[in-house]
Amino acid sequence: MQRIPEEKIDEIRSQVDIVDVVGNYVQLKKQGRNYTGLCPFHGEKTPSFSVSPEKQIFHCFGCGKGGNVFSFLMQIDGLSFVESVKKVADLAHIPLDVAISQGDSSPGNKPDSQESKMIEIHQLASKLYHYLLMETEEGQEALQYLLDRGMSEQELDHFEIGFAPAHASTVTTFLKKREVDLALAVESGLLTERDDGEIVDRFRNRIMFPIKNDRGQLVGFSGRLFNQEDGPKYLNSPETPIFNKRNILYHFSDARQEIRKKEEILLLEGYMDVISSVSATFSNGVASMGTSLTEEHVQMIRRVTNRAIICYDGDRAGIEASFKAGTMLAEQHRLEVFVLQLPNGKDPDDFIRSEGAEKFAEIYTHQRLTWTAFKLQFFKRNRNLQNETDKIAYLGEALAEIGKLDQAVERELYLKQLGSEFDLSMEALKQQLQQTVVVKPKPHDYGGPPPESYGEYPSYEGDGGPVYEQFSFAQPSSVPSAGLTSEKRLLKYMLEDRDAFIQIRNLLEEHQTDFYHDNYKALYTHLIGFYASGNDANPLALMDQLKDDMARNLVSELEMMTVNTDVSIEEYQDYVQSLTKSSIERDIKEKEQALLTATQQGDIPAALELARTITTMRATMKNTPN
C-alpha cells in the first residue's frame with residue numbers, strides 16, 4: 001500500500017478548516033474564540049463539544065474525545081487514516097493519487113470489520129436491485145408502477161431505488177458467485193435462513209429503497225409491495241449490528257447540507273414523501289421510516305439545526321404522530337417547531353404529485369402553523385364546542401398552553417384569537433390566565449462569576465424573550481491536585497515547543513522524577529519518539545501518528561488549555577518539583593499503610609523502621625520547594 005508523504009498530509013490538513021468539516025455533522029455556534037455544539041459521539045443536552053479554528057482541533061469536555069480533522073472523520077464516518085486524508089483532499093480539491101485498499105497500514109487504520117463487510121454486501125445487493133428494476137423485463141411491472149406514480153427515471157437513479165424479484169434465491173445466487181460469506185449476509189439482514197437450514201432472499205417481489213445511516217453508509221433496505229399480494233406494505237431490514245431504526249433517519253446523510261443551509265429540517269413519514277419533497281426542491285426532508293420519533297433521532301436533529309418542520313400525513317394517525325413528535329421536539333428538547341397541514345388530509349407525496357411543487361412551497365413558506373397554533377387546533381379534536389362543558393374544558397387547555405409562552409406579544413395574540421372565537425373579553429381571559437399559569441423555576445444558579453469556558457445558550461423565561469442562562473462544560477468533581485496540574489502544564493509546553501521539551505526532559509532526569517498518570521506517561525513517551533525522529537513541535541502531526549485514541553484525546557484536551565506563553569525555565573522547575581513532591585506524598589501514604597499493618601500484626605522492628613523512614617521522607621518533602 002502506497003503511503004502518503006508527511007508533507008502531502010500537512011498540505012492537505014492546512015487547506016481545510018476543521019470548523020467547515022465538523023459543521024457538516026454538528027450544528028456549531030461561535031462562543032468566544034471557539035465553536036461549540038452538541039457532541040456527535042455521545043448523547044447530551046448541554047453543549048460540551050468544542051472546535052478550535054485557531055488550533056484546528058476538536059475536543060469534547062463531556063466524553064473526552066478529541067483530535068484533528070482526520071481523526072474526526074475517522075471516528076464519525078468509521079474511516080481509515082488514508083480514507084480520511086483522501087476525503088479531506090477531495091474537500092480541498094487537492095489531487096491525491098492514492099488507492100484505498102483493505103490492506104492500508106497507515107497510522108490509525110482499523111482492520112476490516114464484520115460491519116464494514118456487511119455494508120459492502122448491502123452495496124452489492126443495491127446495485128443488483130437497481131439494475132433489475134431499470135434494465136430487465138422482470139422489473140418492468142415495478143418500474144411502470146413507479147412511473148405511473150409520477151416518479152422520473154432521474155429520481156429512481158438518484159435514490160438508487162431497485163426491485164427484488166419473486167424468486168427465493170436471486171440475491172443469494174448473486175452473492176454466492178462473488179464468494180460472499182452467506183452467513184454474514186444472513187446476520188446483516190439481507191438474507192434469511194429457513195427452518196431446514198436453506199439460505200434464501202429476505203426481500204421478494206418488492207420495490208427496494210436503500211437506507212443509509214448518518215455517515216452515508218448503506219446499512220439496510222425497505223421493500224414495498226406494489227401489487228395485491230399478501231404481506232405488510234413495507235418490510236424493513238431487521239435489527240442488525242449495522243441497522244437499527246431508532247438511530248436512522250431516511251435521507252439524513254444526503255439532507256444534512258441542505259438542513260444546515262435552510263437552518264431547518266423537514267420531518268416526513270415515508271420514503272415517497274422524501275423523494276417527492278426533494279423533487280419539489282426541499283432537499284432537507286427526512287423520514288423516520290414508519291416508526292415514532294426517538295430520542296436518538298432528536299439528538300441527530302439537534303446536532304444540525306434548532307428548527308423542525310413537521311409534515312406528516314393528514315389522516316388521524318398522522319395528526320396524532322405530529323402532536324407526539326412536536327411535543328418531544330419542542331417541549332422536551334426546546335426546538336422551534338412548525339407544523340404543515342396539507343389540504344384534504346393528503347400526504348406530502350400525493351399532494352406534490354397532484355398539486356405541484358409551487359403549491360407545496362407556498363404552504364411550506366407561508367402557511368406553516370406555529371407549535372402553539374397547532375396544539376390549539378389539536379385540542380379541539382373530539383370536542384363539541386357547542387357544548388358548554390367541552391367549551392370550558394377546551395378553554396382551560398388552551399389557556400394552559402398560552403401560559404407557557406415566553407413572549408408577551410405571543411400571549412396577547414393567541415388570547416385575542418380565543419376572545420374573538422368565543423366572544424370573551426381580554427380582561428376575563430387574562431384573569432383566567434393568571435390563575436392557570438404555573439410559576440416556572442429559575443435557571444440553576446452555578447454561583448459566582450462564570451469561568452471562561454462557560455458559554456450562553458437560550459433559556460425560555462420571562463416576557464422579554466429568551467434570557468440566557470449560563471452553562472459550563474463538564475467540570476471535574478473536585479479540584480485537580482497540584483501534581484496533576486503540573487503534569488498537564490508540562491506536557492502542554494512540551495507539545496508546543498521543542499526547546500521546552502528538551503529543557504523539561506533534562507529537569508525530569510535531573511530530579512529523577514517522571515509523570516505519574518499512565519496516559520500522561522504514555523504521551524511523554526510518544527513525544528520522545530516524535531522529537532527523536534527530527535520533527536518540530538506540531539500537535540496536529542503528532543495526532544496523525546498516535547494509534548491510541550486515549551492519547552489523541554489527551555493531546556486535544558491539552559491543546560484546549562489556556563496557559564501563560566511567556567514562561568521561564570524557573571517555572572518548568574517549579575512544576576517538576578511539584579511532581580517530585582507528589583511522588584513523595586504517595587510514597588508516604590503507602591508507608592503509613594504498611595506501618596498500620598505492621599503495628600496491627602505486632603511486628604515492632606518493622607514498625608520502627610517504617611516510622612523512621614516516614615520521618616525522613618517528611619523532612620525531605622518539607623525541604624522540597626513549593
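Helices (H or I, at least four residues) and strands (E, at least two) are DSSP runs, numbered from the N terminus. This is a predicted model, in which local features need pLDDT of at least 70 and side-chain atom pairs count only at pLDDT 80 or more, while totals for chains, interfaces and linings use all residues. Residues are numbered from 1 along each chain as its sequence is written, and side-chain values use heavy atoms, with hydrogens and water left out.

**Figure 1. The loop residue N382, with a positive phi.** N382 sits in the loop between α16 and α17 (388-402). Its phi is positive, about 65°, although N382 is not a glycine. The residue counts as exposed, at 63% relative accessibility; here exposed means over 50% relative accessible area, buried under 20%, and partly exposed in between (1.4 Å probe, protein chains only).

**Figure 2. H93, another loop residue with a positive phi.** Here we look at the loop between α4 (81-91) and α5 (114-135), where H93 is found. H93 is not a glycine either, yet its phi is positive, near 60°. Its relative accessible area is 73%, which puts H93 in the exposed class.

**Figure 3. The whole protein, for orientation.** The protein has 26 helices and 18 strands. Of its 626 residues, 46% are buried. Take the contacts (heavy atoms within 4.5 Å) with a separation of 6 or more: residues 24 or more positions apart account for 64% of them.

Figure 4. The structure holds 34 salt bridges, each one a side-chain nitrogen of Lys or Arg within 4 Å of a carboxyl oxygen of Asp or Glu. In this one, the closest N and O atoms of E54 and R33 are 2.6 Å apart. E54 belongs to the loop between β3 (49-52) and β4 (57-60) and R33 to the loop between β1 (29-31) and β2 (34-37), so the pair ties together parts that are 21 residues apart in sequence. E54 is exposed, at 53% relative accessible area, and R33 is exposed too, at 60%.

Figure 5. E264 is buried, at 6% relative accessibility, whereas R368 is partly exposed, with 21%.

Figure 6. K404 and E401 meet through their side chains in a salt bridge of 3.2 Å, N to O. K404 is partly exposed at 43% relative accessibility, while E401 is buried at 9%. Elsewhere, salt bridges link K55, K492, E496 and E559 in a network.

**Figure 7. Helix α13 against helix α16.** Two packed helices are described by the angle between their axes and the distance between the axes. For α13 (residues 316-332) and α16 (residues 371-378), the angle is about 140° and the axes are 11 Å apart. Axes here are lines fitted to C-alpha atoms, for helices over the stretch in contact, and angles run from 0 to 180 degrees between N-to-C directions. The pairing of α13 with α16, at about 140°, is oblique; angles under 35 degrees count as roughly parallel, over 145 as roughly antiparallel, 65 to 115 as roughly perpendicular and the rest as oblique. On the α13 side, the contact residues are I319, E320, S322, F323, G326, T327, A330 and E331, and they meet W371, F374, K375 and F378 of α16. By type, the residues of this contact split into 6 nonpolar, 3 polar and 3 charged. Ala, Val, Leu, Ile, Met, Phe, Trp, Tyr, Cys and Pro count as nonpolar, Asp, Glu, Lys and Arg as charged, and the others, Gly among them, as polar.

**Figure 8. Helix α20 against helix α21.** The axes of α20 (residues 482-496) and α21 (residues 498-510) lie 5 Å apart, at an angle of about 135°. That makes α20 oblique to α21. L490, Y493, M494 and E496 of α20 make the contact with R498, A500, F501 and I504 of α21. The tally for this contact is 6 nonpolar, no polar and 2 charged.

**Figure 9. N236 and its contacts.** N236 lies in strand β11 (residues 234-236) and counts as buried, at 18% relative accessibility. Leaving aside neighbours within four places in sequence, N236 is in contact with F203, F221, S222, K245, Y271 and M289. M289 is 53 residues from N236 along the chain, and their C-alpha atoms are separated by 8.7 Å.
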